[in-house]
Amino acid sequence: MKHLRAINKKARAIGEAVAQIEAATPSDMEEDVVALQQQPRPHVPMGCTLSFSPGWEVDAGGGTAGLCQPVERDIYDCYVTCFWPVQVPDHVNYSPDWASNCATATKDWRNLDLVFP
Amino acid sequence: MTVMQAPAYARAEYHGFEASGSHFVYLVSAGAIFEIDADVRAVLARLDGQQLTHAALVRELSSDGTDPDEAEALVRELRAARLIQLGAAAPVMPQAPPADFPLQALVLNVTNQCNLACTYCYEFGADKIATPAGKPKYMTLETAKASVDLLINEAVGRKAVHITFFGGETLMNFKLLRDVVGYANGATAAAGKAITYSLTTNATLLTSEIVTFLSDNRVGVTVSMDGPPDVQDKHRVYKNGKGSYAVIEPRLRTLIAHHKTRAITARVTLTEGVTDVVRIFRHLKDDLGFHEVGFAPVTTGEERAYSLDDNGMDSVLAQFNILAEEWLEYALRGESHGFTNVSETISELISGVNKSHPCGAGLGLMGVSPSGDLSPCHRFTDADTHTMGHVSSGIDRAKQGAFLAKGHVEAKYDCQSCWARPLCAGGCHHEAFVRYGDTGHANLHYCDWIRQWTDTCLRIYGVLAVQNPGFLERFAERKGLS
């Protein structure tokens, strides 16, 4: 450390940590990559989801409360990709035709209807 | 739409102070102390009341001619040391101490009986929380041995353990004390641990035989007393009202002359009308020859006749500052002064403590009542509401956990905005219970006082760090040995 002089044991321990940080990281901290779950969070307006996968949308807080539409409306990802044998809608037993009107989810998602198992 | 917002720097929580012409910061998140240069002060000034992005901060710092690379490195250093932070500080969640935190010390209340009747006593006075009815008045050797065994078994991984003898008046059960020391020396040696002892007494029952025993066994002695005759005899009286000074004076002189192995300390209780700190210190240190003298305001509910009011506290603090100045003068000459209140704080500043709890009560230290009940410390002895197990059945982990969760500094809302919390952590659990009915309550009645006192000690620390750093090193070594 050049500008801070450690004058107690705790400060000296911090000084050692600072030396390691300075030796280890590239200089340009301004370009830090920020992961979604990391502080500080990127700014995402509430009401938008971060990905399009009907049924799996989460808002910027990682929950569902801030979404425009209730996620319970459709559960497309369960239907198409879930390995779990009792997913709802169940494309093997109860709702084989549930997604037949939805060729492309990003365009035809309105055709997915509620399911009452 | 996703928009990336550039994060901005803010100042971290610190307490700045000046000493000996230099500038310092006390970093609250760590308890670290740094001397800072003019460049650091420039950064902190620019972040006063505003946040700046990395680019903006570097730009502003370079605008007055500083080399941009230098400015870049400066910002990086301060961020790495966490004197500045990017965005809001991450929320801190209370972290419970490890459930198997090893015991280090027990305070054995060898008796709850006392031959004095000090009017302000927390054990017998108006604010007492003890419920001793129907319980043993003197600890038996069996209970004491069980306590030693518990201490050894619960001190997993520790090389040394400690026993403090306490009362009531401790020496009213000296026979037990003597026998326990014999037993504990053997038991700890068999367990491969070292052991040290201390005791607190009102000095009325000291004899030269007792003093020889204490010296031979390296038992540290703290004498509860209030000062010269007129002060001592105000509150520290026998049950018939007679003062105790005349009785203890010759005994103290014997103690101080013949106990050569450990420091002899006086512990003064400040009450309404007993605030003449400097005069008391001079008497105890210079006239009687105590090595260390420490002061603490009496623990009371708000309305007791003997409690200190704000004026009393102001006067106390003013006199503390006089003694603190003296302490510094001694330290600059490399000498020890003996004002415990400074010594204790300085030793905590040297290591940079950052406390989760105000003290070791219920954590590394517990009290044992004459009946063998465990409590967080000696001040909760015999109080049914605070029992935390028994020496025969062990520590009640559920009660211990609940006590420690309550007492954690991060569970105390009022402490979260205070820069002195690494040292204070909300203050004495017992005092909080007496004053607010809750061991987990911050001791709000002395916050200002703690902050002023911590600031005073930080300034002393700063002066020594600049003018006589060698003293701090030697002080740390001595403390490590005591």
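Start with helix α2 of chain B. Its buried residues pack against β1 (8-11), α1 (38-46), β5 (52-53), α3 (68-80) and β6 (84-86) of chain B. Contact here means heavy atoms within 4.5 Å. Helices (H or I, at least four residues) and strands (E, at least two) are DSSP runs, numbered from the N terminus.

Some ground rules. This is a predicted model: local features need pLDDT of at least 70, side-chain atom pairs count only at pLDDT 80 or more, and totals for chains, interfaces and linings use all residues. Residues are numbered from 1 along each chain as its sequence is written, chains are lettered from A and ligands numbered from 1 in the order written, and side-chain values use heavy atoms, leaving out hydrogens and water.

Back to α2 of chain B, residues 54-63. Which of its residues are buried? B:H54, B:A56, B:L57, B:V58, B:L61 and B:S62. Buried means under 20% relative accessible area (1.4 Å probe, protein chains only). Just after this helix, B:G65 takes a positive phi of about 100°.

Next, the cores. A nonpolar core is a set of buried Ala, Val, Leu, Ile, Met, Phe, Trp, Tyr and Cys residues joined through side-chain atoms within 4.5 Å. The largest has 105 residues. B:F165, B:F290, B:F295 and B:W327 have the most contacts inside it. Helix α15 of chain B (residues 447-467) gives the largest share of this core, 10 residues.

Look at B:W327. Leaving aside neighbours within four places in sequence, its contacts include B:H337, B:F339, B:I460, B:L464 and B:F475. There is also a second, separate core of 30 residues. Among its members are A:A11, B:A30, B:I36 and B:L52.

A cavity is a set of points on a 1 Å grid over the protein atoms alone where a 1.4 Å probe fits but cannot get out; lining residues have an atom within 4 Å of a point. How many cavities of 30 Å³ or more are there? The count is 1. The largest cavity has a volume of about 30 Å³, taken as the space filled by probe spheres set on the points, which are joined across faces, edges and corners. B:Y122, B:E123, B:I129, B:A130, B:H378, B:R379 and B:T381 line it.

Last, chain A. Its elements run β-α-α-α from the N terminus. Of its 117 residues, 30% count as buried.

Terms used:
1 Å grid on protein atoms, 1.4 Å probe; cavity = no way out; pocket = protein on both sides within 12 Å on 5 of 7 lines; lining within 4 Å. Buried < 20%, exposed > 50% of the residue type's maximum accessible area, 1.4 Å probe, protein only.
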